[in-house]
Amino acid sequence: MSSELLQTKLFVPRRPTERQQPALVSRTHLIEKLNQGLQQGCKLSLISAPAGFGKTTLLTEWVAILQLATANRVAWLSLDEADSELPRFLTYVVAALDQVDGREATFGQSGLRFLQLPQPSPAEVVLTALINEIADNPNQLVLVLDDYHHIHAPAVDEALAFLLDHLPPQMHLVIATRDDPHLPFSRLRVRGQLMELRAADLRFSLSETAEFLNQVMGLTLSVEDVAALERRTEGWIAGLQLAALALQGHISLSGGKDSTKLIQSFSGSHRFVMDYLIEEVLEQQSAEVQRFLLQTAVLDQLAGSLCDTLTGQHDGQETLEMLEHANLFIIPLDEERHWYRYHHLFADLLRQRLRQSQPENMAILQGRASEWYDQNGFVDEAIKYALRAEAFEQAADLIEKAAETVWGRGEDTKLRQWLDTLPTGILFAKPQLCIFHAWSLLATGQQDAAERSLHIVDQVVNYSIKPSAPGRLPDADTKQLRGRAAATRAFIAFYQGNVPGMIQFSQQALEHLPQKDAAWRSVATNILGDAYDFQGEVEAAYPARLEGVEASKAAGNCYQIIIANLKLALTLRTRGQLAQVVEICQQQLYIVDEYGNCPPVLVGWLMAVWGEALAEMNDLDGAIRQMKKGIALVERGGDLAMIGWSYICLIRVLFTQRDFAAAEEAIQKMEYIDRDNDMPAWITNLVAAWRAKLWLAQGKLETAVGWAEERKLTIPEASSFSLEREHIILARILMAQGRHNDAARLLQRLLTAAKANGRTARVIEILLLQALISQAEGDMTRAITVLSEAIAQAEPGGFIRTFVDEGQPMAELLSAALGRGDAPSYVKRLLAAFPTAAAKSIHLNIQAKIQKPKLVQNSAEALEIVEPLSERELEVLQRISEGLTNREIAERLYLSLNTVKVHTRNIYGKLGVHNRTQAAAKARELGIL
């Protein structure tokens, strides 16, 4: 388990011992309800009631009973507000499950490495792995999430809903909360999968109130007084406990006189009663205890030495143990009694009283807490309390010490949140922090804001303003600042697609950065390689990429090493070396496993690049597996360039699967992201080109023509790499219009430039289009000659789908090439990858190997399908034949309802039918099902 996790959140709160007080009121009837929910196979037990209704106490009693039964394993997680960050929430869930005693498996560890950077996004990839591991374990498992009302993040609710939807039968989830979370309760109720306990269930009855007051709390109240308190508090357990404590103090002072009068004075809303009672409780404590309670109220967790730091005393541990013995709303968080916390309600009230009585001490105490956490190595907690105290100078110093490490792990979001909290004057007085602030802003596309921070650095290094430290900056520090600022400006140029700026600033950075600043030199070297790639100069980019890999290794930074290797993989992809791309991705995943400290968006980008390469090699199942993992990770947010490139990979894979509806949804998602952020223009241009290619594949020629006209695309006199993708789409439009000569002229210019710069993948695509033009013109000799050149370029890299995606005309050309004897084994492999309906018209001896027997028997009917069904459409068709509704299909295949409807319409069109019954019948007739 990560040392950064607070293990105390994973312990079941301890119940008081008989030495401390008599056993608590047993809630036998509630325990029976919880047991019934477990025995009847409910997925969820919900305990929802306002503060102080005994939710946690009930659960600790029930868990104690469950743990006596060896068949039940219980994991516990106490939540707080910081857990609203999805990665943190999932990390703690996995950690809680990992604490369960008596089992051999380690749940969730395969997904835990992806949860280092907190981002509010979907988490299906981690939860799927977790669910599968739980499903493989025969033991009954209960997971308790206590104080879920602290969660205020839709992403966490969505993740929990996904877990509920796919919960293994041997697992049961329990949620204790003050208000209902956004979960699918209606569906669970209808299916009999929800057990609920509400405030009405949890309220103490009159008999329970009497037992609590007179036996547990040791009072001797009359039946009338008990009934009065029960009415005043409406069975509110915390109110009864506070009232009992007040009465104990009153009795000790007055000898029991006027207790009835005191009870009758308890009136008003819960808030006012609570305020009154807590004052009565506090006033009964000694001055030393009151002072201790108020001084430590600012803490989320309490430890003896931490309390000593805040109080200036040396009896913190003894006082904590005394408070526990007195049952004064303090909860031990570990077996050794090192860590405690106040009951949330009690802590809230203490803080309110502190703010009212000693407002000037709040910041002082939080500052002391920050110092203690800093001295004990809890950097994040130290920064948190410094910021709470508004001790911004102290916070800035702490952040400055941690910034290099946090930045080196790619945790831009955490860094930005810290730095955004600092006043501008303090931030701008620290030029190194300005550098990190600019970098973290860039990751979310805030280029103007990043430039403002860099402008401050320029002023410092030019001595227009003084840094926070007195005197003049040493020359070495000035050079480093200039180098890091230049590297950051190179990053800005990268987002803008400004190649001259990328080259200029990268070279400046390398000139100024010392050799020991290896991580930043790696950044500059990588962006220099990007500049070559942006210009299409692959042969120049390749050695720059290798240099970037070496620079990242010298830095010893996992984050930079993976980035450098993935950029090398992208260059190799353009060079046509697919196997090397896959190998690099596999190697980088090993690094992720080893270090376990990489941002999810980076790992998601890795998966997406891997999946796209697998798709080209025709491993579509493997491609989809990697893409699902990758997109689930990148959607948790982070670097916009990584997100954008991952979606481009996804669009390509979906296009290859002929899943045009899902590809369109991915494009729309990119547009939504771009609308809310400043996505790099070169990303949005690539997405636009893919959309035009989708239109052409769907026969929407006029729409594609309109796109080309809007972008003012014409046949250039000289090829421009920045427009190469768009010009290839233009060539496809010209081909669709029958303007073969214009298309051939354009393609020849593109081919010359691609060959000159080593862009093998692009060369293959252009050659295939040229071959198709010759085929359409009836010049089969030239068509096969050009195709043969494409085959020679493609075979070493194992390209498959670039051929297959061109459809039946390409299958016919390959058949002719096979007849001429060109690379027979490779051509057969290509032909075998074509959809069955396209292959039917090819006169090959291998026909039986690439078709289902039933299709061979019904070949004439099979050819009635205008276009073969995609794999996704076949999945939808199978569910249609099973009688599932569109909504059920959507849930089964994890698709939106609209996407299922689009797939259904496509199926009807391809099969030439008008309803579901006809579709199923036609599919059986053709041997598709």
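**Reading helix pairs**

Guide: Start with handedness: H19 crosses H20 in a left-handed manner. Keep in mind that this is a predicted model.

Visitor: Which residues of H19 and H20 make the contact?

Guide: H19 brings Val379, Ala382, Ile383, Ala386 and Leu387. H20 brings Phe392, Gln394, Ala395, Leu398, Ile399 and Ala402. By class, that contact has 10 nonpolar residues, 1 polar and no charged ones.

Visitor: At what angle do the axes of H19 and H20 cross?

Guide: Roughly 155°, with the axes coming within 8 Å. H19 spans residues 379-388 and H20 spans 392-408. Angles over 145 degrees count as roughly antiparallel. H19 and H20 are therefore roughly antiparallel to each other.

Visitor: Now H29 and H30. At what angle do their axes cross?

Guide: Roughly 170°, and the axes come within 9 Å. H29 covers residues 558-574, H30 covers 578-595. The pair is therefore roughly antiparallel.

Visitor: What classes of residue make the contact of H29 with H30?

Guide: There are 14 nonpolar, 3 polar and 1 charged. Among them are Asn565 and Arg573 of H29, and Gln580 and Gln588 of H30.

Visitor: Let me try a single residue. Is glutamine 560 buried or exposed?

Guide: Use the cut-off: buried means under 20% relative accessible area. Glutamine 560 has 3%, so this residue is buried. Glutamine 560 lies in helix H29.

Visitor: Which residues does glutamine 560 touch?

Guide: Leave out residues up to four places away in sequence, and glutamine 560 touches Trp407, Ala519, Ser522, Val523, Asn526 and Ser552.

Note on methods: Residues are numbered from 1 along each chain as its sequence is written. This is a predicted model: local features need pLDDT of at least 70, side-chain atom pairs count only at pLDDT 80 or more; totals for chains, interfaces and linings use all residues. Side-chain values use heavy atoms; hydrogens and water are left out. Axes are lines fitted to C-alpha atoms, for helices over the stretch in contact, and angles run from 0 to 180 degrees between N-to-C directions. Helices (H or I, at least four residues) and strands (E, at least two) are DSSP runs, numbered from the N terminus. Angles under 35 degrees count as roughly parallel, over 145 as roughly antiparallel, 65 to 115 as roughly perpendicular and the rest as oblique. A crossing is left-handed if the near helix is turned anticlockwise from the far one by less than a right angle, and right-handed if clockwise. Contact means heavy atoms within 4.5 Å. Ala, Val, Leu, Ile, Met, Phe, Trp, Tyr, Cys and Pro count as nonpolar, Asp, Glu, Lys and Arg as charged, and the others, Gly among them, as polar. Buried means under 20% relative accessible area, exposed over 50%, partly exposed in between (1.4 Å probe, protein chains only).
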